[in-house]
Amino acid sequence: MSVASSKGFAFTAPFTLTTLIYMVGCASAPSTVVSLNPATPPIPRSVADGVFTNNQAVRGQQSFERTCEACHRTREFRGSAFQQEWSGRPLGDLLQLLVSTMPPNDPGFLKLSEYRDIVSYLLKQNGYPSGATELPADISALMEVHFELRGEV
Ligand code: HEC
């Protein structure tokens, strides 16, 4: 059985491969135009692009109140001083900083997704728009999203 099927495979494989190459070759020219249609949304580049959802910001507020308000007030992280400090830097740096230093007595106490939600909350507090897609709990993805100044809120 295995001999027969491997023979069968050896026999049909070149045909299948040729057919595939033929099909890909035929398809590539006309589909180039079609694939230019923006089927996938553009990758957000800035915190002004609606990079978090409202629900995330609400969850982030709850985590902030539970874990951070022992030492901080939200107003420390809103407005032009905070934005100027972060302007031009990747959002991944902020997430990385929180994960690796906060709270000081127990860095990494929260889940990555909870720190990520706190970042969403801080963005919302700074007047950046929410959007339809959640901010990912992925530091390297957030290295592609840059902070920019928004001004007083
Ligand atoms: C036990 C107290 C404590 C807790 C709890 C705490 N922090 Fe901090 N945090 C500090 C101290 C102290 C600093 C350093 C202050 C400074 O240098 O201005 C700091 C600094 C920061 C900074 C500024 C870092 C910088 O370099 O600008 C951020 C942002 C921050 N904390 C966010 C958080 C968040 C978010 C949480 C909750 C997950 C949190 N902190 C929990 C004490 C705390």
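Student: What share of the contacts in the chain with a separation of 6 or more comes from residues 24 or more positions apart?

Tutor: In this predicted model, residues 24 or more positions apart account for 83% of the contacts in the chain that have a separation of 6 or more.

Student: How many helices and strands does the chain have, and in which pattern do they follow one another along the sequence?

Tutor: The chain has six helices and zero strands, so that reading along the sequence gives the pattern α-α-α-α-α-α, with helices counted as DSSP runs of at least four residues.

Student: At what angle do helix 2 and helix 5 pack?

Tutor: The angle is taken between the N-to-C directions of the two axes. Helix 2, residues 54–67, packs with helix 5, residues 112–125, at an angle of about 105 degrees, and their axes are 7 Å apart. Angles of 65 to 115 degrees count as roughly perpendicular, and therefore helix 2 is roughly perpendicular to helix 5.

Student: Which residues meet where helix 2 and helix 5 are in contact?

Tutor: From helix 2, the residues include Gln56, Arg59 and Phe64, and among those they meet in helix 5 are Glu114, Ile118 and Tyr121. The residues of this contact between helix 2 and helix 5 divide into four nonpolar, five polar and four charged.

Student: Which residues come nearest to the ligand?

Tutor: There are 14 residues around the ligand, and of these Thr67, Cys68, Cys71, Met102 and Pro103 come nearest. The shell around the ligand divides into 11 nonpolar residues, three polar and no charged.

Student: What percentage of the residues in the chain is buried?

Tutor: Of the 153 residues in the chain, buried residues make up 22%.

Methods: Residues numbered from 1 in each chain as written. Predicted model: local features only at pLDDT ≥ 70, side-chain atom pairs only at ≥ 80, totals over all residues. Near = placed C-beta within 6 Å. Nonpolar A, V, L, I, M, F, W, Y, C, P; charged D, E, K, R; others polar. Helix = DSSP H or I, 4+ residues; strand = E, 2+ residues; numbered from the N terminus. Buried ≥ 20, exposed ≤ 12 C-beta atoms within 10 Å, placed from the backbone. Contact = placed C-beta atoms within 7 Å. Axes fitted to C-alpha atoms, helices over the stretch in contact; angles between N-to-C directions. Parallel < 35°, antiparallel > 145°, perpendicular 65-115°, else oblique.
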